Amino acid sequence: MMGDYSGAPVTTGSSGPVPGSVADLPSADFFDFESLLSVQEQRKLNELRAFLASEIAPYAGQWWEKAEFPEHILPKLAALRLSAPAQRGYTHLFAGLVIAEMTRVDTSIATFFMVHHDLFVESLYDFGSDSQQDRYLDDASNLRTTGAFALTEPEHGSDVAGGMETTARRVERPASDGGDYWVINGAKRWIGNGTFCDYMLVWAKDEADGAVRAFIVDASLPGVTRSRIENKIALRTVQNADIVFQDVEVAEADRFTGISSFADTNHLLRGSRIMVAWQAVGQQLAAFDVARQYAVERLQFGRPLARFQLIQQHLVEMLGNAVASMGMMVRIAQLQEDIFTDAKGVRHGGADMAQVALAKAYCTARMRETVARGRSILGGNGIVTDYRMAKIFADAEAIYTYEGSYEINSLIVGRAVTGVSAIA
């Protein structure tokens, strides 16, 4: 069954759980979707849970309050060998539950994992040449180096496809002098892992023909300036950065030759959007864990909060939202298993962008409701970071927004079901 990180004391009596215990109560995975995993995958998920319980859960609140990223845990995280699970032969359902479980303990750590593995590492698998994979993939997969995905810009988020201002200009140079290179100018914003990453996948518009290109950029190159975005109320452990590129020279050997338009990013963005929807599941599981624990332990008017009808209603609504969201994501994972590539290298099947957009919009909307109900159950204690719910509540706002806002994802679905685009 799905793990519990609420720290509940284990106390049971002959008549079942007593106030203060949730040990014998049903899991938030009320329909037992986890049973769809293979035995091997269930064991691996439990290994992840043990790591999260010992290495992340006791400290996540401190990292969040200090806005510090725990780089010291990366070797231990790498030892789990969970980078790009589908590339290692695991199912997409397992990959999604990995993100849900990480988020259930700490949304920031899950976000780091997604940016590095589901965007940067997966990009190397999908678009990297043999040479690029040889040079970068092993170190990145094992977290000896870290990566970022530099797409959004200060003035362009949802409209970055058409409004991208970062440019790349190709300069010819004799092979004897190192061969052709590109000069990148522009700025990116909200780049997760951006302050400390070793490499970043940078998207830029070709000055010659307006085509979108992608480059592996060494973050230490001359002309790269990085500054941390301060004063966040969500994902405080994540080191989001503003990045400026001023005449940054990148070798032609570090350009992804398989990318020539923004449409080539759809596979990556669809995959990351799926993982954010799984984050919305994990956030709801966390909110339910904490709210139920509190309701069972907290005494008011001489009895546990859980004895009050309206509190039970809140918990049931939270559970229903979480289960419905999980059910939708399980189906998305099943659709992902149906992807195949034909002889021409064209992908077919799988969850399409409209289905993924609906999942992201729906799950994050339910998440917002769920964490709000959870915060309500904790009353005043729900707005102080002494209790986990305040952090869960705040982090949910980032999940609701990134990888396409609720409104943009809704319009993608609306276009699919009406045949008419409401997006300019």
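This is a predicted model: local features need pLDDT of at least 70, side-chain atom pairs count only at pLDDT 80 or more; totals for chains, interfaces and linings use all residues.
Reader: What does Ile56 touch, leaving aside its neighbours within four places in sequence?

Author: Ile56 is in contact with Phe51, Trp63, Ile73, Val105, Asp106 and Ile109. Ile56 is also one of the H1 residues at the meeting of H1 and H4.

Reader: How do you know whether H1 and H4 are roughly parallel or roughly antiparallel to each other?

Author: Look at the angle: the axes of H1 (residues 39-56) and H4 (residues 92-105) cross at roughly 20° and come within 10 Å. Angles under 35 degrees count as roughly parallel, so H1 and H4 are roughly parallel. Their crossing is right-handed.

Reader: What makes up the contact of H1 with H4, by class?

Author: From H1 come Glu41, Lys44, Leu45, Leu48, Arg49, Leu52 and Ile56, and they meet Phe94, Leu97, Val98, Glu101, Met102 and Val105 in H4. Sorted by class, that gives nine nonpolar, no polar and four charged residues.

Reader: Lys44 is in helix H1. How do you know if Lys44 is buried or exposed?

Author: Check its number: the relative accessible area of Lys44 is 15%. Buried means under 20%, so Lys44 is buried. Residues up to four places away in sequence aside, Lys44 touches Leu80, Arg81, Leu82, Tyr90 and Phe94.

Reader: What about Leu143, buried or exposed?

Author: The cut-off for buried is under 20%, and Leu143 has a relative accessible area of 9%, so Leu143 is buried. You'll find Leu143 in the loop between helix H6 (130-141) and strand S3 (147-150).

Reader: And Asn231, what makes Asn231 count as buried or exposed?

Author: Exposed means over 50%. Asn231 has 75% relative accessibility, so Asn231 counts as exposed. Asn231 sits in the loop between strand S8 (224-228) and strand S9 (241-251).

Reader: What is the phi of Leu143, and what is the phi of Asn231?

Author: Most residues other than glycine have a negative phi. Leu143 has a positive phi of about 60° although it is not a glycine. Asn231, not a glycine either, has a positive phi of about 65°.

Notes: Residues are numbered from 1 along each chain as its sequence is written. Side-chain values use heavy atoms; hydrogens and water are left out. Axes are lines fitted to C-alpha atoms, for helices over the stretch in contact, and angles run from 0 to 180 degrees between N-to-C directions. Helices (H or I, at least four residues) and strands (E, at least two) are DSSP runs, numbered from the N terminus. Angles under 35 degrees count as roughly parallel, over 145 as roughly antiparallel, 65 to 115 as roughly perpendicular and the rest as oblique. A crossing is left-handed if the near helix is turned anticlockwise from the far one by less than a right angle, and right-handed if clockwise. Contact means heavy atoms within 4.5 Å. Ala, Val, Leu, Ile, Met, Phe, Trp, Tyr, Cys and Pro count as nonpolar, Asp, Glu, Lys and Arg as charged, and the others, Gly among them, as polar. Buried means under 20% relative accessible area, exposed over 50%, partly exposed in between (1.4 Å probe, protein chains only).
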